[in-house]
Amino acid sequence: MEQLMEQHTERLFRIAYYYTKDLQIAEDIVQDVFIKFYHHQKHYEERGEIKAYLARMTINRSKDYLKSWAFRKIVLQHKLFSKQKTVIKDALIQHDEQTILDEAILRLPIKQREPIVYFYLEDMPIKEIAELLGIPEGTVKSRLKKGKELLKRDLQDIEWEVLYNE
C-alpha cells in the first residue's frame with residue numbers, strides 16, 4: 001500500500017486539485033481514495049491498470065464533492081463575503097507564467113478542463129482519456145479543441161517570456 005501511495009499520490013492530488021481548485025480538499029479526497037481502496041482492495045479485480053482505477057476513484061470522489069452541500073456552502077460564502085484573491089508575488093518569471101497558465105486551466109469548464117489536464121499534464125493518450133471518462137474518442141478530441149480555443153482566447157493578451165521559448 002505504501003508503494004502504491006508513493007507512486008500515485010502526486011498524480012491523484014493534481015487530478016483532485018484540478019476538479020476542486022482547493023489544496024486541502026484535494027488532499028482530503030486523495031486520502032479518502034486510498035482509505036477506500038485499502039478497505040475494499042480484496043474486492044478489487046485486476047482488469048486493467050491500477051493507475052486508471054485510482055484515477056477514476058479520484059474523479060468520482062471529486063465530482064461527489066462538487067455536488068455536496070459543503071462545496072455549495074463554501075461557494076455561497078465566497079459570493080456573499082467576497083474576499084480579494086491573494087496574489088502570490090514571486091521573482092521567477094517562469095513560476096508566474098506557470099501560475100497564470102494553471103489559473104487559466106482552472107477557469108475552464110469541467111468538460112474542457114478534464115481532457116486538457118489528462119492530455120497535456122498527465123501525458124495520457126486520447127484513447128486512454130476516453131476510457132477513463134467513459135466518452136467516445138471523438139468527444140475527447142472536440143473537448144480538447146474547444147479547451148485550447150478557450151485558453152487561447154483567455155491568454156491572448158499575456159506577454160509570455162519564458163514558457164513561450166520552451
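Reply: A salt bridge is a side-chain nitrogen of Lys or Arg within 4 Å of a carboxyl oxygen of Asp or Glu. By this rule the count comes to four salt bridges. This is a predicted model, in which local features need pLDDT of at least 70 and side-chain atom pairs count only at pLDDT 80 or more, whereas totals for chains, interfaces and linings use all residues. Residues are numbered from 1 along each chain as its sequence is written, and side-chain values use heavy atoms, with hydrogens and water left out.

Me: What makes the contact of Arg61 and Asp32 a salt bridge?

Reply: The N to O distance between the side chains of Arg61 and Asp32 is 3.2 Å, and the rule asks for a distance within 4 Å; the pair is therefore called a salt bridge. Arg61 lies in helix α3 (residues 50–67) and Asp32 in helix α2, so the pair ties together parts that are 29 residues apart in sequence. Helices here are DSSP runs (H or I, at least four residues), numbered from the N terminus.

Me: Why is Glu114 called buried, and why does Lys63 count as partly exposed?

Reply: Buried means under 20% relative accessible area, exposed over 50%, and partly exposed in between (1.4 Å probe, protein chains only). Glu114 has a relative accessible area of 7%, so Glu114 is buried. Lys63 has 32% relative accessibility and therefore counts as partly exposed. The side chains of Glu114 and Lys63 meet in a salt bridge at 3.5 Å, N to O. This pair links distant parts of the chain, with Glu114 in helix α6 (residues 110–121) and Lys63 in helix α3, 51 residues apart.

Me: Why is the span of α1 called close to the expected one?

Reply: The expected span of a helix is 1.5 Å times one less than its number of residues. α1 has 19 residues and reaches 25 Å from its first C-alpha to its last, close to the expected 27 Å. There is also a kink of about 50° in α1, centred on His8; the bend at a residue is the angle between axes fitted to the seven residues ending there and the seven starting there.

Notes: Helix = DSSP H or I, 4+ residues; strand = E, 2+ residues; numbered from the N terminus.
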